[in-house]
Amino acid sequence: MRSFDWQKWLVALAVLALTLSGGLYLRSLDQPMTTLYVPEIDFPAYYLITAADLMTATLPTAVLPSKSLLQESDLVGRYTMQPLSSEKPVTEAQLVPVVDEKYVMDTAAVSIPASATSVYNGRLTSGAIVTVWSVTGSRQAEPLLDEALVLDVQKVEEQNEAEGNTNPYVVVLAVPRPKQAELLMAVATGSLMLTLTPYETA
């Protein structure tokens with residue numbers, strides 16, 4: 001009985017693999033490609049993107065999601081709305097809307113509780129600019145933070161609302177770093193109120 005020739009079998013497999021990979025490579029040369037900026041690392045939600053966080057990638061145009069952002073300037077200075085994966089295209093819907101850079105410069109994301117009135121019964125949205133007021137025991141309101149960018153508005157669990165929670169929402173703000181301690185102190189010792197601040201878009 002003739003023994004099975006493993007050497008010829010392995011050579012045949014190697015030739016087949018090279019043929020397939022060569023075909024795929026030649027096919028990829030025919031596809032339109034797009035060079036764009038993508039995250040170099042994974043980004044958490046409410047992360048302020050800098051130029052150092054980005055790298056360039058060249059990908060087949062056909063695989064890019066709709067409204068993918070291509071330029072570095074489309075990404076730098078903007079907050080993420082959700083976690084983003086490294087080396088993956090970023091779309092407009094994954095970022096907080098564009099605003100003037102003064103609203104994000106030297107800021108960090110801070111979450112504060114908010115009443116239904118403060119968030120206009122849930123109609124306050126990402127990209128809005130608000131003034132934060134500190135409400136004292138005498139019900140007098142004093143401005144605590146002018147022109148803060150709203151990153152997100154979240155409804156808390158229905159169970160908490162049923163238990164009499166007077167602040168059924170959480171608002172995530174881009175807060176200047178020098179103001180963060182003061183804002184958190186106000187959250188711990190009193191109540192806050194938000195009012196919309198008119199502004200011009202970037």
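This is a predicted model: local features need pLDDT of at least 70, side-chain atom pairs count only at pLDDT 80 or more; totals for chains, interfaces and linings use all residues.

Reader: Ok, and how many bridges join β4 to β5?
Author: Six, between β4 (residues 129-135) and β5 (residues 141-155), and the two run antiparallel. Strands here are DSSP runs of E with at least two residues, helices are runs of H or I with at least four, and both are numbered from the N terminus. Two strands pair if DSSP finds at least two bridges between them.

Reader: What order do the strands take in the sheet?
Author: The order is β3-β6-β5-β4-β7, five strands in an open, antiparallel sheet. From one strand to the next, the twist averages 45 degrees.

Reader: Which helix packs on that sheet?
Author: Helix α3 (residues 180-189), which touches β3, β4, β5, β6 (169-176) and β7. Its direction makes about 10 degrees with that of β3. Contact means heavy atoms within 4.5 Å; the axes are lines fitted to C-alpha atoms, for helices over the stretch in contact, with angles from 0 to 180 degrees between N-to-C directions.

Reader: Zooming out, how many helices and strands does the chain have?
Author: Three helices and seven strands. Along the sequence they follow the pattern α-β-β-β-β-β-α-β-α-β.

Reader: And how much of the chain is buried?
Author: 33% of the 202 residues count as buried. Buried means under 20% relative accessible area, exposed means over 50%, and partly exposed is in between, using a 1.4 Å probe and protein chains only.

Reader: New topic: how many salt bridges are there in the whole structure?
Author: Three. The cut-off is a side-chain nitrogen of Lys or Arg within 4 Å of a carboxyl oxygen of Asp or Glu. One of them joins E92 and R78, at 2.5 Å from N to O. Both sit in the loop between β2 (54-60) and β3, so the pair ties together parts 14 residues apart in sequence.

Reader: Is R78 buried or exposed?
Author: Buried, because its relative accessibility is 7%. E92 has 32%, so E92 counts as partly exposed.

Reader: Which salt bridge links distant parts of the chain?
Author: D106 with R177, at 3.4 Å from N to O. D106 is in the loop between β2 and β3, R177 is in the loop between β6 and α3, and they are 71 residues apart. R177 is partly exposed, because its relative accessible area is 48%. E182 and K179 also meet in a salt bridge, at 3.4 Å.

Reader: Last one: which residues form the nonpolar patch on the surface?
Author: L10, L13, L16 and L20, with about 390 Å² of accessible area together. Patch residues have over 30% relative accessible area and no salt bridge; nonpolar side chains (Val, Leu, Ile, Met, Phe, Trp, Tyr) are joined within 5 Å, like charges within 9 Å. The areas come from the Shrake-Rupley method with a 1.4 Å probe, and for residues only the protein chains shown count as cover. L13 lies in helix α1 (residues 6-29).

Key
Residues are numbered from 1 along each chain as its sequence is written. Side-chain values use heavy atoms; hydrogens and water are left out.
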